[in-house]
Amino acid sequence: MAIRQLSETLINQIAAGEVIERPASAAKELIENALDAGATRIEVATSGGGKALLRVSDNGSGMDAADLELAVRRHCTSKISETLEDIRTLGFRGEALPSIGSVARLSIASRRRDSAGGHEIAVAGGKIAHIRPAAANPGTIVEVRDLFFATPARLKFLKTEKAEAGAITEIVKRMAIAFPAVRFVLSGSDRTTLEFPATGDDHLARMAQVLGKEFRDNAIALDAVREEISLTGFAGVPTFNRGNSAHQYAFVNGRPVQDKLILSAIRGAYAETIPSGRHPVAVLSITLDPALVDVNVHPAKSDVRFRDPGLVRGLIVGAIREALARDGSRAATTGASDMLRSFRPGFQPNSQRPQTAWSAETSPSRPYQPTTGFGERPQASFDGLSMPTARAEPQFSPQPAAPEPNARYPLGAARAQIHANYIVAQTEDGLVIVDQHAAHERLVFEAMRKALHSKRLASQVLLIPEIIDIPEEDCDRLMQHAAELSELGLAIERFGPGAIAVRETPAMLGEVDAHGLIRQLADEIAEWDTASGLSAKLEYVAATMACHGSVRSGRRLRPEEMNALLREMEVTPGSGQCNHGRPTYIELKLSDIERLFGRS
């Protein structure tokens, strides 16, 4: 078969298949062009999810007749010259407009600010019409109608109009976050008008417009530099999380990207602080020399390739973890909102009450509990308790510092323990409810993690070794990592083909359910075990041990024990959530309580 040159129209349609995947792809390219033209106001209108109509209007620099004629031809651009190593604009390929024109009905009307009149050009299915004069304001209006009419097969792969409209909304949101000084308006017959007024240099105000006002109250500022790369932005506190990763935004030199390396680094930074199935909220902006990043990886320009990916990942993980250690232990403000919604003023009829009373043993949110029970009856009343103070006695830490006479404590003073699991503390401007098991679990884990990186954890020798019968293959896995477990203070030996003898347990855990601990570790090692061994998972093992050695739900605490727990939480990084990512406390402001009673 002879080789022949493809026609220009067919070449453009092939390119369109890579660049323009759906209406949102066309919207992204057109908005990028408007931003590169210096626009401060961009309006996007859609109909039929962008398939019937997509119009992008801007007040940028505009184009004259000669520019219009070149703009609809492939590989014609004003943004690069001879090299791809210094790309400082969003677009640079010169493929977007000809690709759109080859599969849709495209019209462009533009006028330069210093020109007396404008011009218009049209492209339909790859056929370019003659340029003609047109009445136009300074700037450019690009109108795309009947997208993919020239390639009907592509229409079959598009989603519903609602889904396509939602994808365009997401594109506009990402662009709005990246450029807070630009006013964005999104409207059309298939949607409710969405407007993002310009916020100038106030990036957090723009993020609040897009992500909601709650993000402003639950965001921690990021500002870190490593070698020639800087990272700025905001990361949400761990307890402010979402059910998917759609609320994670990343920008490289102002370009919105969805890079796997960056998303993976965000997940790693929030490890052990976010519950399984939940995702953090974060907005990251990476700035570096354009020569250190390749943006010419994919036609859609959503992926990038860093010259030193390890440096970038380390910067992201380190900056977020430092921010969380500094300010991430506070509870999300949404916790109080959820609590307020759960309250119902006044008496409820019996028909609206739960059929069975709440108990720690049957609660679906209960933490791990050993099968042997607690050995203590649930707390029945508070009559025997003395009025507590904020003084911290040595119950949870060896020598807690005595409180200063006029010291102020963020978590307040313990006032009661309810349902043998929750500590109620009074603060200066409200109250705090603490899950005693989740809180102490985090404290034990942080102590173990700190000791793990300095020396072998202290252990306590059991007078009579605990013998645990488990499958032989589990015994083999555990013994392969006996040395690593010993670093955590857990000394085990083989006791026959299908049994493990536990001779020492970590001293800081106190009394431990060795049977439950060994069985859970065996299951986790079976899931994690790789050629690299268990060394990379030691912190996860420490988290498992902390869960088994923490204050149990159902244990009645004395006032001094409760206050000691609160004081340790105040000085422990990450104490706002347990090892599984659940919140350890919820704060309710006095103004919220007064609102419940109609006093405000």
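Which residue in β16 is the bridge partner of A250? The partner is L284.

This is a predicted model, in which local features need pLDDT of at least 70, side-chain atom pairs count only at pLDDT 80 or more, and totals for chains, interfaces and linings use all residues. Residues are numbered from 1 along each chain as its sequence is written, and side-chain values use heavy atoms, with hydrogens and water left out.

**The sheet.** Helices (H or I, at least four residues) and strands (E, at least two) are DSSP runs, numbered from the N terminus. Two strands pair if DSSP finds at least two bridges between them. Five strands form an open sheet in the order β10-β11-β16-β13-β14, with mixed pairing. β10 and β14 are the edge strands, each pairing on one side only. The twist averages 20° from one strand to the next. β13 and β16 run parallel, joined by five bridges.

**Helix α9.** Buried means under 20% relative accessible area (1.4 Å probe, protein chains only). In α9 (residues 260–269), the buried residues are I262, A265, I266, G268 and A269. They sit on the same side of α9 because they cover an arc of only 165° around the axis; the arc is that of the directions from the helix axis to the C-beta atoms. At the N-terminal end, D259 caps α9, with a side-chain oxygen 3.1 Å from the backbone nitrogen of L261. A polar contact is a pair of N or O atoms within 3.5 Å.

Contact means heavy atoms within 4.5 Å.

| Element | Residues |
|---|---|
| β13 | 248–252 |
| β14 | 255–257 |
| β16 | 282–287 |
| α10 | 309–327 |

**Helix α10.** α10 lies across β10, β11 and β16, running at about 140° to β10. Angles run from 0 to 180 degrees between N-to-C directions.

Terms used
Buried means under 20% relative accessible area, exposed over 50%, partly exposed in between (1.4 Å probe, protein chains only). A polar contact is a pair of N or O atoms within 3.5 Å; within protein, one must be able to donate a hydrogen and the other to accept it, and residues adjacent in sequence count only if both atoms are side-chain atoms.
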